[in-house]
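Please read them with the structure open beside you.

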Amino acid sequence: MVNLFFEIRRGVPLNLQADMKISNSDIGNVMIEVHKQCEDENIRLLIEIFLERAGDNWFEMLGRGSSLTKKPQRSEISVEARPQVKNQVVPQEAALSKPRLIYRGQVVEY
């Protein structure tokens, strides 16, 4: 959370950084105000993640709902069939060769 806070603070404009202090007891409301004023979508997403992790309904105070925590429904997931490989021919050399061990850039026989 602390790393996320400082990443957000680094990305917002200087005029918005003045109120952003990690020791601020009202940091949730400050983040909501920065979210409203900031135009950078990446910073807005980071603020949403921060408020979601903060709990206590901070994320709902943005008025966006819980779009980040929405899990896809079973009907939304498309399962693509993988092509089946039958009777794949393995070269004789690859089947009989030993695995190589590389230690500090040198091939080691074992």
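1. Leaving aside its neighbours within four places in sequence, which residues is Asn 24 in contact with? In this model, which is predicted, the residues that Asn 24 contacts beyond those neighbours are Asp 19 and Val 30.

2. Asn 24 sits in the loop that lies between α2 (14–17) and α3 (27–37), and its side chain reaches the backbone nitrogen of Asp 26 at 3.0 Å. The relative accessible area of Asn 24 is 26%, so the residue is classed as partly exposed, given that buried means under 20% and exposed over 50%.

3. Turning to the helix packing, α1 (residues 2–11) and α4 (residues 41–54) pack at an angle of about 150°, and their axes are 10 Å apart. The two helices α1 and α4 are therefore roughly antiparallel to each other, since angles over 145 degrees count as such, and their crossing is left-handed.

4. On the α1 side of this contact are Leu 4, Phe 5, Glu 7, Ile 8 and Gly 11, which meet Ile 43, Leu 46, Ile 47, Ile 49, Phe 50 and Arg 53 in α4. Sorted by class, the contact of α1 with α4 comprises eight nonpolar residues, one polar residue and two charged residues.

5. As for the chain as a whole, the protein chain has five helices and two strands, with its elements running α-α-α-α-α-β-β from the N terminus on. Of its 110 residues, 22% count as buried, and among contacts with a separation of 6 or more, 30% are accounted for by residues 24 or more positions apart.

How values were computed
Residues numbered from 1 in each chain as written. Predicted model: local features only at pLDDT ≥ 70, side-chain atom pairs only at ≥ 80, totals over all residues. Heavy atoms only, no water. Axes fitted to C-alpha atoms, helices over the stretch in contact; angles between N-to-C directions. Helix = DSSP H or I, 4+ residues; strand = E, 2+ residues; numbered from the N terminus. Parallel < 35°, antiparallel > 145°, perpendicular 65-115°, else oblique. Left-handed = near helix turned anticlockwise from the far one by under 90°. Contact = heavy atoms within 4.5 Å. Nonpolar A, V, L, I, M, F, W, Y, C, P; charged D, E, K, R; others polar. Buried < 20%, exposed > 50% of the residue type's maximum accessible area, 1.4 Å probe, protein only. Polar contact = N/O pair within 3.5 Å; in protein donor to acceptor, adjacent residues only side chain to side chain.
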